[in-house]
Amino acid sequence: MDKKELVSIILPIYNCQLFLEKNIISILKQTYKNFELILIDDGSTDNSREILKDFEKKDKRIKVIYKNNTGVSDTRNVGIEIAKGEYITFFDADDYVEKTFLEDTINIYKNYNVELVITGFFSEIEGKNDNSFDKINMETKIYKNMDEIKQDFVNMWDKQILYNVWNKLYLKSIIDKYEINFPKDNWGEDVEFNRKYLLNINSLYITQNCYYHYIRERKGAITNTYNEKIFDIRKKEFFEFNDYFEKFGISKEKYLEFSYRRYLERTLGCIENYFSKNCSLNVKEKYKKIKIIVKDEITRNALKKVNLTSKKTKIMIIPYKFNMILCTMLMGKILSIIKIRFPKIFNKLKNNR
C-alpha cells in the first residue's frame with residue numbers, strides 16, 4: 001500500500017448489519033484506489049462482526065478492529081490513532097457514497113493546495129427509492145486565507161455543510177499537529193471536531209458536487225430517541241456557538257441572528273422529542289417541560305431578533321410568540337406524527353427550515 005497520498009477511511013460500526021454491506025461496497029468501488037478502510041466494530045451484538053470478517057478476507061486494504069462499546073466518538077478517535085493516511089475521512093455505517101468521492105476531493109487538494117475540502121451531500125429517507133432526496137450544498141468556491149473564510153463563515157454553518165464529518169476530506173498532519181479529536185460526549189461530536197479543525201486552518205475548498213448519501217430518520221438512530229436533557233443540550237450549544245464565533249473573530253452583528261434562529265429551530269426539535277415513543281412523561285410533565293422552553297429568556301430574546309426566511313418555521317413559532325403552551329404541545333405532537341408517518345415531509349421540513 002503506497003503511503004503517499006493514502007486516504008484513511010474511518011468507519012465506526014455498531015449493530016448495522018442491515019446497511020453495512022451496501023456501505024462497504026460503495027467504498028470499495030471508489031475510482032481512487034489508494035486508501036485504507038479502517039472498520040471498527042464498537043461492540044456490536046448483531047451480525048455485523050461476521051460481515052466484517054468476510055470483507056476483511058476479500059480486500060487487503062481493509063483493517064478490522066474489535067473493541068468494547070464506548071460510543072462513536074471514542075471509536076473514531078481509535079481510528080485516528082492507527083490511521084496511516086495523508087488524508088482522513090469519516091463515514092457512518094448506515095450511509096453510502098458515490099464512487100468518485102475520493103478521486104474528486106484528492107484532485108482538489110492537488111490542484112488548489114488547500115487544508116480542507118468540503119462537498120455537498122444528499123439527504124435521503126430510509127427505504128425510499130423514488131429519488132426523493134434533497135441536495136445540501138453551497139456554490140463551488142475556494143477560500144485562500146482566513147479573511148476570505150470569515151466573510152462566508154456564518155453562511156457555511158447556515159447552509160448546513162459544516163455540521164458533519166462525512167462530507168469532508170481532512171489532512172492528517174493538521175489533526176495530529178493540533179491534537180484534534182472527538183469529545184467524549186456522543187452528541188454533537190461532529191460539530192466539535194469541525195470547530196477545532198476550522199480554527200487551525202487558513203484555506204479550504206467547497207464543491208457544490210454531492211457525493212455522500214446521508215440517510216435520515218433511521219429507526220433506532222440517536223436522534224430518534226427521547227433525551228431528557230435535550231433542551232439543556234440546545235442551550236449549551238447556543239452559548240458554545242456564540243463563544244466559538246467570537247473566538248473565530250466573527251462580529252456579533254454577523255452571527256447573532258443566525259445563533260438565535262438556529263436555537264429556535266432546535267427547540268422545535270426539543271418539543272417534538274417529548275412526543276417520541278420512548279418518552280415516559282405524562283401530559284402534565286410534558287406541559288411543564290414545554291412551558292420552560294417557551295418562557296426561557298433565550299427563547300424570548302430569539303423571537304425579537306430572528307429574521308425567519310422559512311414560512312413553515314414562521315407558522316410553527318406562532319404559539320411561542322403568544323405563550324400558547326397547549327398549542328405548542330399540539331404542534332409537537334403533529335411534528336412527531338409527521339416524522340413517523342410521513343418521513344419525506346419531515347425531511348423536507350428539517351432541510352428547509
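## Salt bridges across the sequence

Glutamate 5 and lysine 110 form a salt bridge, with their closest N and O atoms 3.4 Å apart. The term stands for a side-chain nitrogen of Lys or Arg within 4 Å of a carboxyl oxygen of Asp or Glu. Glutamate 5 sits in the segment before strand 1 (7-13) and lysine 110 in helix 4, so the pair ties together parts 105 residues apart in sequence. Helices (H or I, at least four residues) and strands (E, at least two) are DSSP runs, numbered from the N terminus. Glutamate 5 is partly exposed at 22% relative accessibility. Lysine 110 is partly exposed too, at 46%. Buried means under 20% relative accessible area, exposed over 50%, and partly exposed in between (1.4 Å probe, protein chains only).

The model is predicted: local features need pLDDT of at least 70, side-chain atom pairs count only at pLDDT 80 or more, and totals for chains, interfaces and linings use all residues. Residues are numbered from 1 along each chain as its sequence is written, and side-chain values use heavy atoms, with hydrogens and water left out.

## More charged pairs

A search of the whole structure finds 19 salt bridges. One of them links lysine 141 to aspartate 152, with the closest N and O atoms 3.1 Å apart. Lysine 141 belongs to strand 8 (residues 141-143) and aspartate 152 to helix 5, so this pair ties together parts eleven residues apart in sequence. Lysine 141 is partly exposed, at 39% relative accessibility. Aspartate 152 is buried, at 19%. Leaving out residues up to four places away in sequence, aspartate 152 touches Lys141 and Tyr143. Contact here means heavy atoms within 4.5 Å.

Aspartate 296 pairs with lysine 235 in a salt bridge, the closest N and O atoms being 2.9 Å apart. Aspartate 296 lies in the loop between helix 10 (283-295) and helix 11 (297-305), and lysine 235 in helix 8 (residues 230-248), so the pair ties together parts 61 residues apart in sequence. Aspartate 296 is buried, with a relative accessible area of 12%. Lysine 235 is partly exposed, at 23%. Elsewhere, salt bridges link Glu192, Arg195, Lys236 and Glu240 in a network.

## Nonpolar cores

A nonpolar core is a set of buried Ala, Val, Leu, Ile, Met, Phe, Trp, Tyr and Cys residues joined through side-chain atoms within 4.5 Å. The largest one has 77 residues, and Phe153 and Trp157 touch the most other members. Helix 5 (residues 146-158) supplies the largest share of this core, six residues. Apart from it lies another core of 34 residues, including Tyr226, Tyr260, Val306 and Met329.

Not counting residues up to four places away in sequence, tryptophan 157 touches Leu162, Tyr163, Val191, Arg195, Leu198, Phe241, Tyr244, Phe245 and Phe258. Arg195 in that list also belongs to the salt-bridge network.

## Surface features

Ile315, Ile318, Phe322 and Met324 form a nonpolar surface patch with about 400 Å² of accessible area together. Patches are made of residues with over 30% relative accessible area and no salt bridge; like charges are joined within 9 Å, nonpolar side chains (Val, Leu, Ile, Met, Phe, Trp, Tyr) within 5 Å. Accessible areas come from the Shrake-Rupley method with a 1.4 Å probe; for residues, only the protein chains shown count as cover. Methionine 324 is in the loop between helix 13 (318-321) and helix 14 (325-341). Methionine 324 is partly exposed, at 34% relative accessible area.

Asparagine 113 is not a glycine, yet has a positive phi of about 55°. Asparagine 113 lies in the loop between helix 4 (101-112) and strand 6 (116-125). At 68% relative accessibility, asparagine 113 is exposed. Glutamate 179, also not a glycine, has a positive phi of about 50°. Glutamate 179 lies in the loop between helix 6 (172-177) and helix 7 (189-198) and is exposed, at 67%.

## Overall fold

The chain has 15 helices and ten strands. Its radius of gyration is 21 Å, close to the 20 Å that the globule rule gives for 353 residues, so the chain is as compact as a globular protein of that length. The radius is taken over C-alpha atoms, and the rule is 2.2 Å times the number of residues to the power 0.38. Along its principal axes, the C-alpha trace spans about 65 × 50 × 35 Å.

Of the 353 residues, 54% count as buried. Among contacts with a separation of 6 or more, 79% join residues 24 or more positions apart. The chain exposes about 17200 Å², and carbon and sulfur atoms supply 48% of it.
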